[in-house]
Amino acid sequence: MEAAGVGEAVAELDGAEIAVVCGTDSRYANEASAVVDAARQAGVRHILLAGPEKAVAEADSKPDGYLTAKIDAVEVLSDLLTRLGA
């Protein structure tokens, strides 16, 4: 999905507060900043990137965190549950 469709997608999900941006490293380099901005404008409070931080190293707007094979999955999932009020 391109940045232009993010607001509509968030609205369809009844105002999602957490989002994960998924794509390829090459798309991240070109599009992640605009997608992150669009998600924030649509009301998403916490944005994660499915990939390494280096994929958006040059981006103006960056996600709040990164999901890679090296993360502490229990810690990340616990944080997400806390953000959701669970």
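**Labels and their grounds**

Author: The model is predicted. Alanine 11 lies in helix H1, which covers residues 6-12.

Reader: Why is alanine 11 called exposed?

Author: Exposed requires a relative accessible area over 50%. Alanine 11 has 55%, so alanine 11 counts as exposed. Its C-alpha is separated by 7.6 Å from that of alanine 42, 31 residues away along the chain.

Reader: How do you know how confident the predictor is in the protein?

Author: The confidence score is pLDDT, on a scale from 0 to 100. The mean for the protein is 90, and 98% of its residues reach 70 or more.

Reader: What makes the span of helix H2 close to the expected one?

Author: Helix H2 (residues 25-41) has 17 residues, and 24 Å is expected at 1.5 Å a residue. From first C-alpha to last, H2 reaches 23 Å, which is close to that value.

Reader: Where is the kink in H2 centred?

Author: The kink is centred on glutamate 31 and amounts to about 65°. The angle is taken between axes fitted to the seven residues ending at a residue and the seven starting there. Just after H2, glycine 43 has a positive phi of about 105°.

Reader: Why is serine 33 called buried?

Author: The limit for buried is under 20% relative accessible area. Serine 33, in helix H2, has 16%, and is therefore buried. Leaving out residues up to four places away in sequence, serine 33 touches Ala59, Asp60 and Ser61.

Reader: Which other residues of H2 are buried, and what covers them?

Author: Besides Ser33, the buried residues of H2 are Tyr28, Ala32, Val35, Val36, Ala38 and Ala39. Their cover includes H1, strand E1 (18-21) and strand E2 (46-49).

Reader: Which residues touch the most other members of the largest nonpolar core?

Author: That core has 16 residues, and those touching the most other members are Val6, Val21, Tyr28, Ile47, Leu49 and Val56. H1, H2 and E2 each supply at least two residues of this core. H2 gives the largest share, six residues. As a general point, nonpolar side chains in soluble globular proteins tend to be buried together.

Reader: What makes E1 and strand E3 edge strands?

Author: The open sheet has three strands in the order E1-E2-E3, with parallel pairing. E1 and E3 (65-66) each pair on one side only, and they are the edge strands.

Reader: How do you know that E1 and E2 pair?

Author: Pairing needs at least two bridges between the strands. E1 and E2 have four bridges in the parallel sense, so they count as paired. Valine 21 has leucine 49 in E2 as its bridge partner, and valine 20 stands opposite leucine 48 in E2.

Reader: Why are both faces of E2 called covered?

Author: His46 and Leu48 on one side are buried, as are Ile47 and Leu49 on the other. In a regular strand, side chains alternate between the two faces of the sheet.

Reader: Why is threonine 68 called partly exposed?

Author: Partly exposed lies between the limits for buried, under 20%, and exposed, over 50%. Threonine 68 has 30% relative accessibility, so it falls in between. This residue is in the loop between E3 and H3. Apart from neighbours within four places in sequence, threonine 68 is in contact with Gly51 and Pro52. Threonine 68 and alanine 4 are 64 residues apart in sequence, and their C-alpha atoms are 26 Å apart.

Reader: What makes lysine 70 exposed?

Author: The relative accessibility of lysine 70 is 81%. The limit is over 50%, so lysine 70 counts as exposed. Lysine 70 is in the loop between E3 and helix H3 (73-83).

Conventions
Residues numbered from 1 in each chain as written. Predicted model: local features only at pLDDT ≥ 70, side-chain atom pairs only at ≥ 80, totals over all residues. Heavy atoms only, no water. Buried < 20%, exposed > 50% of the residue type's maximum accessible area, 1.4 Å probe, protein only. Expected span 1.5 Å × (residues − 1). Contact = heavy atoms within 4.5 Å. Core = buried A, V, L, I, M, F, W, Y, C linked by side-chain atoms within 4.5 Å.
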